[in-house]
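Please read it with the model open beside you.

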Amino acid sequence: DALASLTTGATATAVGFQALTALTTGAANTAIGTYAGNIISTGDNNTHVGVSSQSSASSQRNTIIGATTGTTTIGSNNTAIGAASLSGTASAVSGMVAVGRLTLAAAGLTLAANYSTAVGHSALTAVTTGAQNTAIGNSSGAAITTGSLNTLVGTNTASGAIYSNNTIVGAYAGATTIGSNNTAVGINTLNSAVAAVANITAVGANALTSALTAGANGSVAVGNNALTALTSGGPNVTIGNSSGAALTTGSSNTLVGSSTSIGATTSFNTIMGHGAGNTSIGSNNTTLGTYALSGATGAITSTVAVGRGALTGALTVAASGATAVGYSTLSGLTTGANNTAVGRNAANAITTGSYNTALGAYSRSSATGSNNTIIGNNSGTTAIGSSNTLVGQQVANTTAAAVNNLVAVGKGGLVG
């Protein structure tokens, strides 16, 4: 019978066959349901609703709601709402929050897991000794057993069984294989790792969604679809929508800007600016500016392109070593090697010429001329040949002949 053993306990409420049947001195207990709270004897301030909802004999301040929720061993200050939540432990766990069917329901749940929070059907359902985990969402953190201090928010957010210090936010984000110290924010982020990757940051829908291995440790991807193909390359840093989306095994790359790109296996590139870079480029390139270095057709290396539209031609490997600083500088280059141009539109007619140096806005050399040194605003022309040295403003800037071996110093020299 309900309250069959009551002696000095006060303000008890029991509704249901054998509810609070063992209560003796415990005060302010409420139990509704067949066998609800039927082990409590000296415990106070417990609330039980549901068939066989349970607390231990001396537990206090538990709120247990749902059929077969709680156990006869749990300690105090627990909240369990949902059928069979907090239902497997044989320990006096305390400070638990379990909301949803089968949350925190592992048979091996121990005191080490105290103060865990699970909200959602089957959230943290396998935790045994992992401490102070927080999981919110259907099946969130369902694989965690001994890992601690993880925070997971979103349906089916996942973390490795034994790993800690992960923050996973977004539906289907994370994976049961990941290691420790990862941050993933966004739907599907970091969800296909095949190894215990660590120290990863993925922010944005579908960021870092490939079969990552430990080689990618330390990578940072911020932006929708950033680093989506990465497997073993690391550490790489990309910021921007679809930035670095083709990269697979390359390492130590930095990309900032929407749709910034590099080749799949390349390394040590720094690419900044909307649409900068190209999936064909090789390694050791530095690019800063919208669409800079965006037209390459070969695995060009060791180039520097600074300025909107710099080095945007159909560059091949032969053009490696080029330096272009300025708006639309060296924008026509294709195969010319080791050219240097500084200034707005400087040397933008060169295509196959090599070893040219052009310094100054609109400083010019011909498409095929080589070994020219052109220094000065608006100096040189697109007709000059090779091995010319021009220093000064508007030097030799009207010649229509493919002159060679000229030396002119001073403003306006060799006009005509």
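1. **Start at N372.** A polar contact of 3.1 Å joins the side chains of N372 and S365. The term covers a pair of N or O atoms within 3.5 Å; within protein, one must be able to donate a hydrogen and the other to accept it, and residues adjacent in sequence count only if both atoms are side-chain atoms. The side chain of N372 also reaches the backbone nitrogen of S387, at 3.2 Å. N372 sits in the loop between β21 (357-359) and β22 (373-375). Strands are DSSP runs of E with at least two residues, helices are runs of H or I with at least four, and both are numbered from the N terminus.

2. **What this rests on.** This is a predicted model, in which local features need pLDDT of at least 70, side-chain atom pairs count only at pLDDT 80 or more, and totals for chains, interfaces and linings use all residues. Residues are numbered from 1 along each chain as its sequence is written, and side-chain values use heavy atoms, with hydrogens and water left out.

3. **Around N372.** Is N372 buried or exposed? N372 is buried, with a relative accessible area of 0%. Buried means under 20%, exposed means over 50%, and partly exposed lies in between (1.4 Å probe, protein chains only). Leaving aside neighbours within four places in sequence, N372 is in contact with Y355, N356, T357, S365, I384, G385, S386, S387 and N388. Contact means heavy atoms within 4.5 Å.

4. **Overall form.** The chain has 24 strands and zero helices. Its radius of gyration is 34 Å, well over the 22 Å that the globule rule gives for 416 residues, so the chain is more spread out than a compact globule. The radius is taken over C-alpha atoms, and the rule is 2.2 Å times the number of residues to the power 0.38. Along the principal axes, the C-alpha atoms fill a box of roughly 120 × 30 × 25 Å.

5. **Contacts and surface.** Consider the contacts in the chain with a separation of 6 or more: residues 24 or more positions apart account for 1% of them. Buried residues make up 49% of the 416. The accessible surface comes to about 14400 Å², and 58% of it belongs to carbon and sulfur atoms. Areas come from the Shrake-Rupley method with a 1.4 Å probe; for residues, only the protein chains shown count as cover.

6. **S148.** This residue is found in the loop between β8 (134-136) and β9 (151-153). S148 is buried, at 16% relative accessible area. Its side chain reaches the backbone nitrogen of A131 at 2.8 Å. Residues up to four places away aside, S148 touches T129, G130, A131, N133, Y163, S164 and N165. N77 is 71 residues from S148 in sequence, and their C-alpha atoms are 20 Å apart.

7. **Two buried alanines.** A118 is in strand β7 and is buried at 0% relative accessibility. Beyond four places in sequence, A118 touches V97, A98, V99, T103, L104, A123, L124 and A135. A319 is in the loop between β18 (304-306) and β19 (323-325). A319 is buried, with a relative accessible area of 0%. Not counting residues up to four places away, A319 touches I300, T303, L333, T334, T335, G336 and A337.

8. **Distances along the chain.** A118 and T340 are 222 residues apart along the chain, with 61 Å between their C-alpha atoms. For A319 and A142, 177 residues apart, the C-alpha separation is 53 Å.

9. **Backbone points to check.** Which bond is cis? The peptide bond joining G234 and P235 is cis, with omega about -10°. P235 lies in the loop between β13 (220-222) and β14 (237-239). S122 is a residue other than glycine with a positive phi, near 65°. S122 lies in the loop between β7 (117-119) and β8 and is buried at 12%. S242 also has a positive phi, near 60°. S242 is in the loop between β14 and β15 (254-256) and is partly exposed at 25%.
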